[in-house]
Amino acid sequence: MTTTTPGLGPDFTRLWATSAATNVADGIMIAAGPLLVARLTDDPVAIGAVAFVAQLPWLLFSLVSGALVDRWDRRRVVVAVNLYRAVVVGALATAVWADVVSVWLVYLAFFLIGVGETLVDTAASALVPDIVAVTALPTANARQQAVAIVGNMFVAPPLGAALFVVSAVLPFGLESALFLVGAVVAATVRFRPPPRPVAQRARMREEIAEGLRWAWSHTLLRAMAVALCLMNIALMATVAILVLYAEQRLGLGEVGFGLLFAALAAGGLLGSAVAPWLQRRVGDSALVRIGLLIETATHFGLALTTDAWVAGAINVLFGVHGAVFGVVLTSVRQRAVPEHLRGRVGGVYSLLIIGGSAVGSLVGGFIARGFGITAPFWAAGVAMVVLTAVVWRGFRPAAFAVPAP
């Protein structure tokens, strides 16, 4: 630990600036990627596959990436992967400019970018406890989360779409430049980890197994991981059909659907701002338990309402809860996990969280097709009731008394 005061320090400011640049780049890609594929084909399956291709590396490489992050200098990983992503997106921009781009080339680029993301996101999260004090982790995580919300949901997607209208090359060119900026800024982080002797390394399979065993043996972190996985299955089952819900249940058009997401993002920003204060005043256990109740009520509330304003208010509340919940659980994990295992345990979490999202995205449409547009919300609410009852005792205050490694 290089920081001995409760402050965040200049190294965190540099890491935060890196996150700001790269999250805007990610947000541009969220809008520009599907638009580019839609220009090449009108097949809805092909267009929808863009998001799946971007998530696939998390399912394939989360555990390996976590082990590599524990082997390598995490600051250098952030620098090198952002340079790599700048090159990949730059190549895609060149293909668009030369009019030789294809759907499969877009898929390849998004897959390669996703592979890099499994490394850089895991490394950045593991680096935070190295450069800020333990007492500052909630504030640091809240600021990281806030910049991700602004970049991925507020600023960058509209910017990416607007640039694409002017020229299909522009959003990808800007995205490549932003990844390059992220690499340059990350290179200025002064923290240097102690050397890890190569002789002490086990085989990759054994290192991954060590991370899995540690994560599973820790009662609180195991409960958190399983709960997040199941919560994401329930949540994404509803998000997957949200556009149809907005149209058929609430009577909203495309603009109204976008405003539902804006309400979610607004709540997320508010939650990120108040999360450290709430942690100090309310405590981790109470916030997690309240969050479980809010998430349960959200699903039932959206299942019951036909009023767009009520749905928007529910989304704001859910956004606040999601941000607070994320800051609490991330900070708890960072405090509990030993330095040499942060990457691998983070990889386990990513696998479960992204895996849950992928499963939920797949089942939501089938539930809605078979039982109606509100069925995924009712199913998610019931699932949350059961989950809350099972994990409630595991999230008692004593369980969160986790000493720093």
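Predicted model: local features only at pLDDT ≥ 70, side-chain atom pairs only at ≥ 80, totals over all residues.
Over the ring of which residue does the charged end of Arg222 sit? The charged end of Arg222 lies over the ring of Trp216, at 5.2 Å from the ring centre.

**Aromatic pairs**

The tour now turns to pairs of aromatic rings, of which the model contains 5. Select Trp104 and Tyr107: their ring centres are 5.4 Å apart and their planes stand at 90 degrees, so the pair is edge-to-face, the class for planes over 60 degrees apart. Both residues belong to helix H4, which comprises residues 103-131. Trp104 and Tyr107 are separated by 3 residues, about one turn of the helix.

Is each of these two residues buried or exposed? Trp104 has a relative accessibility of 67% and counts as exposed. Tyr107, by contrast, has a relative accessibility of 11% and counts as buried.

Next, select Tyr245 and Phe377. The centres of their rings lie 4.6 Å apart with the planes at 45 degrees, so this pair is tilted. Tyr245 is located in helix H9 (residues 242-248) and Phe377 in helix H14 (residues 375-391), so the pair ties together parts that are 132 residues apart in sequence. Tyr245 is buried, its relative accessible area being 1%. Phe377 also counts as buried, at 1% relative accessibility.

**Helices H1 and H4**

Display residues 9-40, which form helix H1, together with helix H4. At what angle do H1 and H4 pack? The angle is about 160 degrees, and the axes are 11 Å apart. Angles over 145 degrees count as roughly antiparallel, and H1 and H4 are therefore roughly antiparallel to each other. Their crossing is left-handed.

To inspect the contact between the two helices, show the side chains on both sides. The H1 residues that meet H4 include Asp11, Phe12, Leu15, Asp26 and Met29. Gly33, Leu36, Val37 and Leu40 are also among the H1 residues in this contact. On the H4 side, the residues include Val103, Val106, Phe110, Ile113 and Glu117, as well as Ala124, Leu127, Val128 and Ile131.

Proceed to Ala146, which is placed in helix H5 (residues 137-166). Which residues does Ala146 touch, leaving aside those up to four places away in sequence? They are Leu269 and Ser272.

The last stop is helix H13 (residues 342-371), where Val359 is found. Val359 is partly exposed, with a relative accessible area of 39%. From the C-alpha of Val359 to that of Pro276 the distance is 31 Å, and the two residues are 83 residues apart in sequence.

Ser357 also has its place in H13. With a relative accessible area of 9%, Ser357 is buried, since buried means under 20%. To view its surroundings, select Gln55, Asn232 and Met236: Ser357 touches these residues, not counting residues up to four places away in sequence.

Technical notes. Residues numbered from 1 in each chain as written. Heavy atoms only, no water. Phe/Tyr/Trp six-rings, centres within 6.5 Å; stacked < 30°, edge-to-face > 60°. Helix = DSSP H or I, 4+ residues; strand = E, 2+ residues; numbered from the N terminus. Buried < 20%, exposed > 50% of the residue type's maximum accessible area, 1.4 Å probe, protein only. Lys NZ or Arg CZ within 6 Å of the ring centre and 35° of its normal. Axes fitted to C-alpha atoms, helices over the stretch in contact; angles between N-to-C directions. Parallel < 35°, antiparallel > 145°, perpendicular 65-115°, else oblique. Left-handed = near helix turned anticlockwise from the far one by under 90°. Contact = heavy atoms within 4.5 Å.
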